[in-house]
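Here is a friendly tour of the model on display. Have the viewer open and follow along, heading by heading.

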Amino acid sequence: MAESPRNAARPGPLPSGRHHLSREQVVMSQRMRMLTATAEAMKDKGYVGTSVAEIIRRAGVSRETFYQQFRSKEDCFIQALDAATKQLAGLLEAARQSPAGPPEATRPAPPEETFRRLLHLYLRTLTEQSAFARLFLVEVYAAGPEAMAIRREWQRWFADALAEIFHVGDEDGADERSFGCEALVAATAQLVTAHLVADDLKGLRGLEDPLVRLAVRLLG
């Protein structure tokens with residue numbers, strides 16, 4: 001997977017004069033700068049208050065360059081949103097597949113332990129990349145139905161991951177516990193959003209313990 005905004009260092013302008021970058025590298029650099037500029041501008045001004053002119057000013061590219069890669073502000077937003085959520089999902093999936101203990105420890109980790117490890121990574125990533133977190137959790141409501149469809153798709157992915165972690169299957173009460181997965185994802189999103197809007201990153205990190213307790217009550 002190509003590097004996405006979530007784990008990239010803040011991209012700067014290309015060096016002036018002659019350079020040895022390929023056309024593909026130039027286009028990728030410009031793209032990263034525009035996606036990052038979109039997230040940062042919308043963190044400051046919101047989706048509605050951010051114009052294409054503001055994005056290209058922050059990215060240091062021309063209007064022609066912008067429209068070579070994106071059809072509109074909405075298209076740029078959706079691509080930034082999709083790249084960020086795919087990267088986050090990839091980080092969580094990789095962490096879920098990796099053993100938590102030493103190689104000789106062969107027993108599967110308890111669901112609560114696995115969930116805590118993934119939740120810690122999720123909250124830390126949102127804290128470190130709060131501008132992109134706002135795209136998914138706050139500005140998405142203003143960006144139209146396509147953006148909301150992406151959000152719903154990823155919320156279903158997270159709910160399915162929870163169901164697998166807590167072994168929600170065909171046993172008695174499976175439907176209720178499956179609904180519990182969806183409710184936990186929705187509650188987490190709401191709580192995280194409130195802290196992001198308030199720019200309360202300490203409070204965001206502090207959600208780990210209460211959300212783990214809630215998960216155990218709902219799904220344990």
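## Terms and ground rules

A residue is called buried under 20% relative accessible area, exposed over 50%, and partly exposed in between, using a 1.4 Å probe and protein chains only. Lys 86, for instance, has a relative accessible area of 38% and is partly exposed.

Please keep in mind that this is a predicted model, where local features need pLDDT of at least 70, side-chain atom pairs count only at pLDDT 80 or more, and totals for chains, interfaces and linings use all residues. Residues are numbered from 1 along each chain as its sequence is written, and side-chain values use heavy atoms, with hydrogens and water left out.

## Overall fold

The protein has ten helices and zero strands, where helices (H or I, at least four residues) and strands (E, at least two) are DSSP runs numbered from the N terminus. Of the 220 residues in the protein, 46% are buried.

Contacts here are heavy atoms within 4.5 Å. Among those between residues at least 6 apart in sequence, 67% join residues at least 24 apart. The protein exposes about 12,000 Å², and carbon and sulfur atoms supply 53% of that area; accessible areas come from the Shrake-Rupley method with a 1.4 Å probe, and for residues only the protein chains shown count as cover.

How many salt bridges does the structure hold? There are eleven, each defined by a side-chain nitrogen of Lys or Arg within 4 Å of a carboxyl oxygen of Asp or Glu.

Two of them can be followed along helix α4 (residues 73-97). Asp 82 pairs with Lys 86, with the closest N and O atoms 3.1 Å apart. Asp 82, at 22% relative accessibility, is partly exposed. Glu 93 forms a salt bridge with Arg 96, the closest N and O atoms being 2.9 Å apart. Glu 93 and Arg 96 are three residues apart, so about one helical turn separates them too. Glu 93 is partly exposed at 24%, whereas Arg 96 is buried at 17%.

## A bridge between helices, and a network

The side chains of Glu 208 and Arg 116 meet in a salt bridge at 3.1 Å, N to O. Glu 208 lies in helix α10 (residues 208-219) and Arg 116 in helix α5 (residues 111-128), so this pair ties together parts that are 92 residues apart in sequence. Glu 208 counts as buried at 14% relative accessibility, while Arg 116 is partly exposed at 28%.

Elsewhere, salt bridges with shared partners join Asp 44, Glu 54, Arg 57 and Arg 58 into one network.

## Aromatic rings and charges

The structure holds seven aromatic pairs. Rings of Phe, Tyr and Trp (its six-membered ring) pair if their centres lie within 6.5 Å; planes under 30 degrees apart count as stacked, over 60 as edge-to-face and the rest as tilted. Tyr 47 and Phe 77 have ring centres 5.3 Å apart and planes at 85°, so they are an edge-to-face pair. Because Tyr 47 lies in helix α1 (residues 23-49) and Phe 77 in helix α4, the pair ties together parts that are 30 residues apart in sequence. Tyr 47 is buried at 9% relative accessibility, and Phe 77 is buried at 0%. Ring pairs also link Tyr 122, Trp 154, Trp 157 and Phe 158 into a cluster.

A charge sits over a ring if NZ of Lys or CZ of Arg is within 6 Å of the ring centre and within 35 degrees of the ring normal. Lys 73 lies over the face of Tyr 47, at 4.3 Å from the ring centre. Arg 151 lies over the face of Phe 136, at 5.5 Å from the ring centre.
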